[in-house]
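Here are my notes on the model, point by point. Please keep the structure open while you read.

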Amino acid sequence: MQQPAQNFVYFLYVRKSTDVEDKQVLSIEAQIVELKEFARRLELQVADIFIEKQTAKKPGRPVFNEMLHRISAGEANGVIAWLPDRLSRNSIDSGQIIYMLDENVLGDLKFPHFWFENTPQGKYMLANEFNSSKQYVDNLSVNTKRGLRQKVREGHYPSIVPFGYLNDVRTKTVVANRKTAPIVRQCFEMYAKGNKTCGDIADFLFASGVATKGRRKTKNDPKSAGGKRWHETRVKNMLSNIFYYGHFLYAGEVYEGKHTPIVDKALFDRVQAVLTGRGRVQKKVTTPQALTMLVRCANCNCYVTGSHKVKRQKNGNVHEYTYYRCTHKSKVVACSEPELREYALASQLVPIAKSFAISERMGAFMLTKLDEDTQVVQADSTKLITTHRARLDELAGKSKRLFDVYMDGDIEQDEYRERRAEIMSEKKSLESKVERIAARADFWIEPVAKKQKSRCKQRPISHFPPRKHLVRAARDQRKNRPKGRQFPEKSLYGADERT
Ligand SMILES: [Zn+2]
């Protein structure tokens, strides 16, 4: 059965690529050792060894081509390889080998685990073997792609997740990182206010212990130790990553993810608005304080105004204070009332507020009003939800139509992706709106109603002093007050608590 080996001179060809299809193949060193042993056992004459580290999926392997060239030049007329799939996994190279066998340029092929004979039947078997190794790579690529696409369609991100998330290796899902996810949310909240730059966020991240990771040393890249502050661009990328509200981008297309969002769509949109309107830091908006325009200064009768101050210490501590002070606008009285902290003013107002109660009749009236409001709010939210749902259906139709137009080739891929991204974004916004409305439709009515009921119970109408008593009590209070002071004496609160 074996052909007389003496007539042939062989080249030894070994190949292993780093691609997935060669994962199970013997290493190059092992192939050489095995093939040399095989040649020695069969007493084959080996002229040279060719080593290739490239895939045979496509034609154009330099070492392989050089070997064929030298065979055509007559340096050898046989090849030893581990298996036929080492020689070729594509139809062109396979065809070339078979053609060279037909033309007798190649006289023999030897494989330790595949028997080949240069006869019509032998060539038929070889061609079959080449075909199946080609089919193997074809299937592999189809299966890999299909696997990824399936994963994506099911809402699983098939890649490394962004900061704030973890790839759970056990369940093969994406989970929020309990440590870093709250930091990400804080970054979005900070940035949404509009008075912070990406640099500020990078500082905040660094202060929270988030730094760059070290890289391994490569030929073109000196080793990096990491541990540095994030670059602004990285912060910007993080703040505009749709992954954080539950979608993800794969191959240029937006998909709905299965992972838990870290920020909601409304917050994300606010951040995008700041990002796009960015050029400089926006002017700080002052929010009016709760008691402003409600209290007047006892000294000069001017309104009392409040302001919120944030104090940052060098050691990183942040203190927030709210102060109230007389506006000192009076042209008649030269007023020098000092400012005082909110809790101090509130503690003066609470006893006054407590001395009032609502009559049962009024209480009942207000409760009915609240009930009416509840109904209105509920009706409104139902209406709103219906509107949003209708729009969501519309979007679903739109998305389908868009896909059809794209499939018909009426629009380009870029346009398709862009429009799809728009639709998905609006969809997410509406969905989170619907969720919010459903969850909090009557969130403000409940506590008010409860308080109202307890108020009524606390002070039945019979215990309520007549109006003239109230007025007198107020007048007496005013008389007994130390002159020119509505704010309490220093001693009441302690010098250190006032500023
Ligand atoms: Zn005053």
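Predicted model: local features only at pLDDT ≥ 70, side-chain atom pairs only at ≥ 80, totals over all residues.

1. C198, G199, I201 and A202 of α7 meet E232, V235 and K236 of α8. By class, the contact of α7 with α8 counts four nonpolar, one polar and two charged residues. Helix α7 covers residues 198-207 and helix α8 covers residues 232-239. Their axes come within 8 Å and cross at roughly 95°. Angles of 65 to 115 degrees count as roughly perpendicular, and α7 and α8 are therefore roughly perpendicular to each other.

2. Confidence. The average pLDDT of the protein is 80. A score of at least 70 is reached by 83% of the residues. Two stretches need caution. Residues 1-5 stay under 50, and the model gives them four contacts beyond four places in sequence. Residues 458-478 are also below 50 in pLDDT, with nine contacts in the model beyond near neighbours in sequence.

3. The parallel sheet. Which order do the strands take in the open sheet of four? The order is β2-β1-β3-β4, and the pairing is parallel. The edges are β2 (45-52) and β4 (108-110), each of which pairs on one side only. From one strand to the next, the twist averages 20°. Strand β3 (residues 78-80) runs parallel to β4, and three bridges join them. Within that pair, V79 stands opposite L109 of β4.

4. Helix α1 lies across β1 (9-15), β2 and β3. Its direction is at about 155° to β1. Helix α2 (residues 62-72) packs on the sheet too, where α2 touches β1 and β2. The direction of α2 makes about 155° with that of β2.

5. Length check on α1. How far apart are the end C-alpha atoms of helix α1? They are 21 Å apart. The helix has 15 residues (28-42), and at 1.5 Å a residue the span should be 21 Å, so the model agrees with expectation. Next after α1 comes E43, with a positive phi near 55°.

6. The β5-β6 hairpin. Strand β5 (residues 165-168) pairs with strand β6 (residues 173-176) over four bridges, in the antiparallel sense. L166 stands opposite V175 of β6. Four residues lie between the two strands of this hairpin. In the turn, K172 has a positive phi of about 55°.

7. The antiparallel sheet. Three strands make up an open sheet here, in the order β9-β10-β11, with antiparallel pairing. Edge strands are β9 (304-312) and β11 (340-341), each pairing on one side only. Strands of a sheet pair through backbone hydrogen bonds, either parallel or antiparallel.

8. Pairing of β9 with β10. Nine bridges link β9 and β10 in the antiparallel sense. V310 has E320 of β10 as its bridge partner. G306 stands opposite Y324 of β10. The two strands form a hairpin with five residues between them. In that hairpin G316 takes a positive phi near 100°.

9. Pairing of β10 with β11. Strand β10 spans residues 318-326 and runs antiparallel to β11. How many bridges join β10 to β11? There are two. Y324 has L340 of β11 as its bridge partner.

How values were computed
Residues numbered from 1 in each chain as written. pLDDT = per-residue confidence, 0-100. Contact = placed C-beta atoms within 7 Å. Axes fitted to C-alpha atoms, helices over the stretch in contact; angles between N-to-C directions. Parallel < 35°, antiparallel > 145°, perpendicular 65-115°, else oblique. Nonpolar A, V, L, I, M, F, W, Y, C, P; charged D, E, K, R; others polar. Expected span 1.5 Å × (residues − 1). Pairing = 2+ DSSP bridges.
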